[in-house]
Amino acid sequence: MSRPGKRYALILAAGKGTRFNSEKPKVLHELCGRPMILYLLDRLPELNVDRTFIITGHGASQVREALADYPVEFIHQEPQLGTGHAVMTALPQLQALTGSLLVLYGDTVLVSTAHLQRLFETLEAKDADHVLLTMKLQDPTGYGRILRDENGCIIDIVEEKEASHEQLEIREINPGFNCFRIEPLTKVLPELKPQNKAGEYYLTDLVRLFRQHNMKVETVSVATSGDELGINDRQQLARAEKKIRREINMRWMSHGVTMIDPEHTYIDYMVELDSDVVLYPGVILQGRTRVGKGSRIGAQSHLEDSTVGNHSMIDHSSVIRNSEIGSEAHVGPFAHLRSGCVIGDHARVGNYVEMKNTRFGRNSKAAHLTYLGDAMVGESVNIGAGTITCNYD
């Protein structure tokens, strides 16, 4: 069936994330080397979203800077008076649009694209005005509960701090994924009132208001492992990171990379690996690191924003940052290459050798106990043990 009208997304990213105890906006805390909100933005092209709006608040300038390369439009919420108020802040933009609007929280980064697609499809197929995702949890603590009538139709959502003892026993919860037809949404939004103990405008109150206007509200109930839920503290951040790292490792192994111990191999999202790379336990690859075909990275080595050519060996416990290693080179063990190093093909940088901003030529060797800083070393040079160069001008 054809898609009626355009699709839009509104991501709520104004929160401070109080439980993080951080000056950084919650949505900018990193998962595998990139801000968590980017994982959510990655899903939107698959959903054929035409435009994306980001609601900013706490740390707005930081969020804008982090998303500067993304085709998103920013709307500032000040003061931050709840989720409903965040969407109300976007009213001037929404009133000029027709179609459907997906409303998401910037910390729900592990939601499946299929679940979000079902929201759009249900809204369109059932000609609904509002569709929301629901889940059943063994422990629903912390989430709004879904209230249904005797026919099983949703009639309201009650936030946990407003719920009665009986309502707290309900296991069906609202994880915060909503899809609206824009025209009825803009009609009802101005009726939101802060009628709760927190004095905030709750987005969840729209279910009741839509029903009062005889508008059609539908739910999509999905099974969950809990991964789709928001990241509200650093413990949940660590669990999300572990899941994403496992997915990254599985992907690279399917592309021909050997990991001796995948559970203890840490690869950031932007890292690139060629086939027949071998990674030993405890390896950390961060940033835009790239490792060429057939190269081996020894145990406990740490590479950040660096490139390694083909068939090279980075021996164990070596640290390499912002540097380039040629092909068929050997670095380590216990080598330290600081920013700006370029190591030529077939070169040897041995144990307890440290370099900074140094070009080290093809076939050259510094086998051990050497410091080369701001140096130019040509081809086929042998640097003896205990050599120190410093070149400050």
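Residues are numbered from 1 along each chain as its sequence is written, and side-chain values use heavy atoms, with hydrogens and water left out. Because the model is predicted, local features need pLDDT of at least 70 and side-chain atom pairs count only at pLDDT 80 or more, while totals for chains, interfaces and linings use all residues.

Side chains of opposite charge can pair when their charged atoms come close. With a salt bridge taken as a side-chain nitrogen of Lys or Arg within 4 Å of a carboxyl oxygen of Asp or Glu, the count comes to 21.

Arg 208 pairs with Asp 156 at an N to O distance of 3.3 Å. Arg 208 belongs to helix H7 and Asp 156 to strand S9, so this bridge ties together parts that are 52 residues apart in sequence. Asp 156 is buried, at 15% relative accessible area, whereas Arg 208 is partly exposed at 26% (buried means under 20%, exposed over 50%, partly exposed in between; 1.4 Å probe, protein chains only).

Arg 211 forms a salt bridge with Asp 149, the closest N and O atoms lying 4.0 Å apart. Arg 211 is partly exposed, at 31%.

A further bridge, of 3.1 Å from N to O, joins Arg 321 and Glu 304. These residues lie in strands S23 (residues 319–321) and S20 (residues 302–304), 17 residues apart. Arg 321 is partly exposed at 30%, and Glu 304 is partly exposed at 24%. Finally, shared partners join Asp 129, Arg 181 and Glu 183 into one salt-bridge network.

Note on methods. Helix = DSSP H or I, 4+ residues; strand = E, 2+ residues; numbered from the N terminus.
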